[in-house]
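Me: I would like to learn how to read a model like this one. Can we take it feature by feature?

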Amino acid sequence: MWRHAIELVSLIYRTSASWPADERFGLITQIRRASVSVPSNIAEGHSRASRGEYLQFLGHARGSLAEVETQIEIASNLGFLPADRVPAVKSAIDEVSRMLTSLIRSLQHSG
């Protein structure tokens, strides 16, 4: 899952590179920070001593992923995201989301 989240970051960086220069300190910065936060929180949580802390960081990762999803929607609505790239980006977000949800459920239900 961490590897998929890293790949999502790369996709977000490549996708946002063509957005308008005046968004460099706006939407581009926001989406890049949020995307980097996803694998970072997964990694930090995994290194924690307790399952509760791990779950907390996975929750942060899921929140950051929701930010990325929202920012992709905004970029798409503003015409920054070419229509042919939307399915790949949304698919990558959905894949990481499914993996995160599955891991969170598994950790919550394990003894």
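Me: Start with burial. How many of the 111 residues count as buried, as a percentage?

Reply: The cut-off comes first: buried means under 20% relative accessible area. In this predicted model, 36% of the 111 residues fall in that class. The accessible surface comes to about 6,300 Å². Carbon and sulfur atoms hold 51% of that surface.

Me: What are the secondary structure elements, and in what order do they run?

Reply: Count first, then order. The protein has four helices and zero strands. From the N terminus on, the order is α-α-α-α.

Me: How do I judge the overall dimensions? What radius of gyration does the protein have, and what would a compact globule have?

Reply: Set the value beside the one for a globule. A compact globule of 111 residues would have a radius of gyration near 13 Å. The protein has 15 Å, which agrees. Then look at the axes. The C-alpha trace spans about 50 × 25 × 20 Å along its principal axes.

Me: And the contacts? What share of those with a separation of 6 or more comes from residues 24 or more positions apart?

Reply: That share is 70%.

Me: How are the charges set out? How many side chains are positive and how many negative?

Reply: Count both sets, then compare their centres. There are 12 positive and 11 negative side chains. The centres of the two sets lie 5 Å apart.

Me: Now aromatic pairs. What describes one?

Reply: Two values do: the distance of the ring centres and the angle of the planes. The count here comes to one aromatic pair. The rings belong to Trp 19 and Phe 80, with centres 6.1 Å apart and planes at 40°. Stacked needs under 30 degrees and edge-to-face over 60, so a pair between these limits is tilted. The pair of Trp 19 and Phe 80 is therefore tilted.

Me: Which parts of the chain does the pair link?

Reply: Distant ones. Trp 19 sits in the loop between α1 (2-16) and α2. Phe 80 sits in the loop between α3 (51-77) and α4 (86-109). They are 61 residues apart.

Me: Is Trp 19 buried or exposed?

Reply: Trp 19 has 5% relative accessibility, so it counts as buried. Phe 80 is buried too.

Me: Which residues does Trp 19 touch, not counting those up to four places away in sequence?

Reply: Trp 19 touches Leu 27, Ile 28, Ile 31, Ala 75, Phe 80 and Leu 81. Check Pro 82 as well, by C-alpha distance. Trp 19 and Pro 82 are 63 residues apart in sequence and 9.8 Å apart in space.

Me: Let me try a helix residue. Where is Val 36 found, and what does it contact beyond four places in sequence?

Reply: Val 36 is in helix α2. Val 36 contacts Val 9 and Tyr 13, leaving aside neighbours within four places. Its C-alpha atom is 9.3 Å from that of Ile 12, 24 residues apart along the chain. With a relative accessible area of 33%, Val 36 is partly exposed.

Me: What about the glutamines, Gln 30 and Gln 56?

Reply: Gln 30 lies in helix α2 (residues 27-46). Gln 30 is partly exposed, at 40% relative accessible area. Gln 56 lies in helix α3. At 46%, Gln 56 also counts as partly exposed.

Me: How do sequence and space compare for Gln 56 and Ala 75?

Reply: Gln 56 and Ala 75 are 19 residues apart in sequence and 29 Å apart in space, C-alpha to C-alpha. For Gln 30 and Thr 15, the values are 15 residues and 13 Å.

Methods: Residues are numbered from 1 along each chain as its sequence is written. This is a predicted model: local features need pLDDT of at least 70, side-chain atom pairs count only at pLDDT 80 or more; totals for chains, interfaces and linings use all residues. Side-chain values use heavy atoms; hydrogens and water are left out. Helices (H or I, at least four residues) and strands (E, at least two) are DSSP runs, numbered from the N terminus. The radius of gyration is taken over C-alpha atoms; the globule rule is 2.2 Å times the number of residues to the power 0.38. Buried means under 20% relative accessible area, exposed over 50%, partly exposed in between (1.4 Å probe, protein chains only). Contact means heavy atoms within 4.5 Å. Accessible areas come from the Shrake-Rupley method with a 1.4 Å probe; for residues, only the protein chains shown count as cover. Lys and Arg count as positive and Asp and Glu as negative; His and the chain ends are not counted. The place of a charge is taken as NZ of Lys, CZ of Arg, CG of Asp or CD of Glu. Rings of Phe, Tyr and Trp (its six-membered ring) pair if their centres lie within 6.5 Å; planes under 30 degrees apart count as stacked, over 60 as edge-to-face and the rest as tilted.
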